[in-house]
Amino acid sequence: MKRLSLLIILGISIALLLQAGCDDTSDHDGADGASDHMQESGHDHASESNDHGDDHGDEHGGEHGDEHGGEDGHGEGHADVVRLTPAQLERSGVRIEPLSGGQVTTHITLPAEVRLNQDALLHVTPRVPGIVSEVHVFLGDSVEAGDVLAVIDSPELGEAKIAYLQAVQAKSIADAELVRQRTISENTAKLLELLRAEPTPHELAEQAADLRIGENKGRLMTAYARVSASRANLRREQQLREKGLATEVDLLAAQESYNSSLADYFAALEEIDFTYRIQYQNAEQSAMIAASEADNAERRLHLLGLSEEQIAGIPNEPDSEVSRYVLTAASGGRVVMKHIPPGEMTGPDESVYTIADLSTVWLNISVYARYVKQINEGQRVIVHADGRTASGVVGYVSDIMDEQTRTIPARVVLDNTDRAWKPGSFATVRVETGQIHADRVVPIDAIQTFEGNTVVFVQDEDGIEPVPVQLGRQNDEVVEILGDDIPIGASVVVQNSFLMKAELGKGAAGHEH
């Protein structure tokens, strides 16, 4: 009996549990079924009320009239239809346009990082080693081209300046010697031309009085005078010999004296003619060497960073500034790195300032391997970062994959006049990869989700109702509608379509009450 009682109690418990489950299911099914019935059979109820007489129409038509009256914006007999007047639509900002085709731009989204424009980055490095004596510009300062950044005391620069001054002085001496030798050469040539005319010693003295030659002038004129005197003595002895007034010995002595003086003259003439040419050539060569050494000393100063103006002022510099090296900015920008404390030894082996022109920045895009063939130079990109949006063009795509990230670097140069793009920050880039034509295209705003379906709201003679659709290719602005369920030219809500969804929500809430 006990066993039988336990079995009876267990059976009753199971029956009660099954009954509770059935009640829950039937409640849900009933609600869903009622909802489906209202959505699918609104027109059937209206037609049945007309076909089955006044009594049936009173029962059903009255109920529908109370629940779906025009006052709540829904059509009579249509649970998912919104009826609003043109004035209400305009006042709500709802825009309705005919469905048509258009271009859909396809794109991919990639990560990117804002970096300094390396082509507009200036690394400032001293040209000479030395001790930092003055610092004029600090981190974050803005500079213009030519601004003084720092001053360095450099013995190497001082030695180069001294060598330059010596070279300039040597060149000046060589130039002066060249001028002197040129004058001697020209005057010697004139004297030799006078001697070829065999003037009298008196005439020669008058004509050569203004010729500045030096010791060669006296030597030539003395030799020429001796030749003239010996020639006259020889002629006199010849005449006396012819008259028998002179001996043969006297004539021979006169002849020997003439020949000797003539030989001395020609020897002096030849030597002087050769010597003045050699001396002039030597002076020219010396002047050229001195000029070359001066030029090289100046070039050395240019290599150390001195300008033409600075070099021109070296002769007038005080001795205390001979080793002073002024470090200046070659271009304008903002100082983003500084390492030049006073008193520190610095030199050409390290950069002491980095100056960045922040009017543009680089956007380095990381292109995943699967997208490599879709990214090309010249493509347009849209950049999103920190609430900012900008556009640009891909200017560079690397041919080498990054071994760490396994991505291909690509680059866009962005305008940064307002300094809003901060190097080191991250961004998202949308790269346009192509365009396709679609027969049915609507704005993204036209798409809504209603009762688990993706829909657009289409207006017809009954009102505005949601129509389920299947989406195709899309971007941030427009989307393709697949299939031909909605005819081309149908009136579609393209702006503020969410208001239609809200209206249907209000209607559903009214039915529940």
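**Close-up views of a predicted model**

**View 1. The protein as a whole.** Of the 513 residues of the protein, 33% count as buried; the coordinates are those of a predicted model. The protein contains 10 helices and 21 strands, and its accessible surface comes to about 30600 Å², with 51% of that area belonging to carbon and sulfur atoms. When contacts between residues at least 6 apart in sequence are considered, 73% of them join residues at least 24 apart.

**View 2. The surroundings of Q379.** Q379 is placed in the loop between β11 (360–368) and β12 (380–385), and despite this loop position Q379 counts as buried, because its relative accessibility is 12% and the cut-off for buried is under 20%. Two backbone oxygens lie at 2.9 Å from the side chain of Q379: one is the backbone oxygen of Q374, which faces a polar atom of that side chain, and the other is the backbone oxygen of E432, which the side chain also reaches.

**View 3. The open sheet β3-β10-β8-β5.** Four strands form an open sheet in the order β3-β10-β8-β5, and their pairing is antiparallel. The edge strands of this sheet are β3 and β5 (142–143), each of which pairs on one side only. Strand β3 (residues 121–124) is joined to β10 in the antiparallel sense over four bridges, and strand β8 (residues 333–338) likewise runs antiparallel to β10, with four bridges between them. Which residue of β10 is the bridge partner of L122? That partner is I355, and I355 is also the bridge partner of V335, while A356 of β10 stands opposite L121. In strand β10 (residues 353–356), the side chains of Y353 and I355 point one way and those of T354 and A356 the other way, and all of these residues are buried.

**View 4. The open sheet β7-β6-β4-β9.** A further open sheet of four strands has the order β7-β6-β4-β9, again with antiparallel pairing. At its edges stand β7 (324–328) and β9 (345–346), and because each has a single partner strand, one side of each is left without a neighbour in the sheet. Strand β4 (residues 130–135) pairs with strand β6 (residues 148–153) in the antiparallel sense over four bridges, and within this part of the sheet I131 stands opposite D153 in β6. As background to this view and the preceding one, strands of a sheet pair through backbone hydrogen bonds, either parallel or antiparallel.

**View 5. Helix α5 and the residue that follows.** After α5 comes E198, whose phi is positive, near 50°.

View 6. The structure holds three aromatic pairs. Among them is the pair of Y368 and Y371, whose rings lie 6.4 Å apart centre to centre with 50° between the planes, an arrangement classed as tilted. Is Y368 buried, partly exposed or exposed? Y368 is partly exposed, because its relative accessible area is 31% and that class lies between the 20% and 50% cut-offs. Elsewhere in the structure, Y224, Y265 and F266 form one aromatic cluster.

View 7. G489 is found in the loop between β20 (478–482) and β21 (491–495), and with a relative accessibility of 41% G489 counts as partly exposed. The C-alpha atoms of G489 and S100 are separated by 6.2 Å, although these residues are 389 residues apart along the chain. Not counting residues up to four places away in sequence, G489 touches P98 and L99.

How values were computed
Residues are numbered from 1 along each chain as its sequence is written. This is a predicted model: local features need pLDDT of at least 70, side-chain atom pairs count only at pLDDT 80 or more; totals for chains, interfaces and linings use all residues. Side-chain values use heavy atoms; hydrogens and water are left out. Helices (H or I, at least four residues) and strands (E, at least two) are DSSP runs, numbered from the N terminus. Buried means under 20% relative accessible area, exposed over 50%, partly exposed in between (1.4 Å probe, protein chains only). A polar contact is a pair of N or O atoms within 3.5 Å; within protein, one must be able to donate a hydrogen and the other to accept it, and residues adjacent in sequence count only if both atoms are side-chain atoms. Two strands pair if DSSP finds at least two bridges between them. Contact means heavy atoms within 4.5 Å. Accessible areas come from the Shrake-Rupley method with a 1.4 Å probe; for residues, only the protein chains shown count as cover. Rings of Phe, Tyr and Trp (its six-membered ring) pair if their centres lie within 6.5 Å; planes under 30 degrees apart count as stacked, over 60 as edge-to-face and the rest as tilted.
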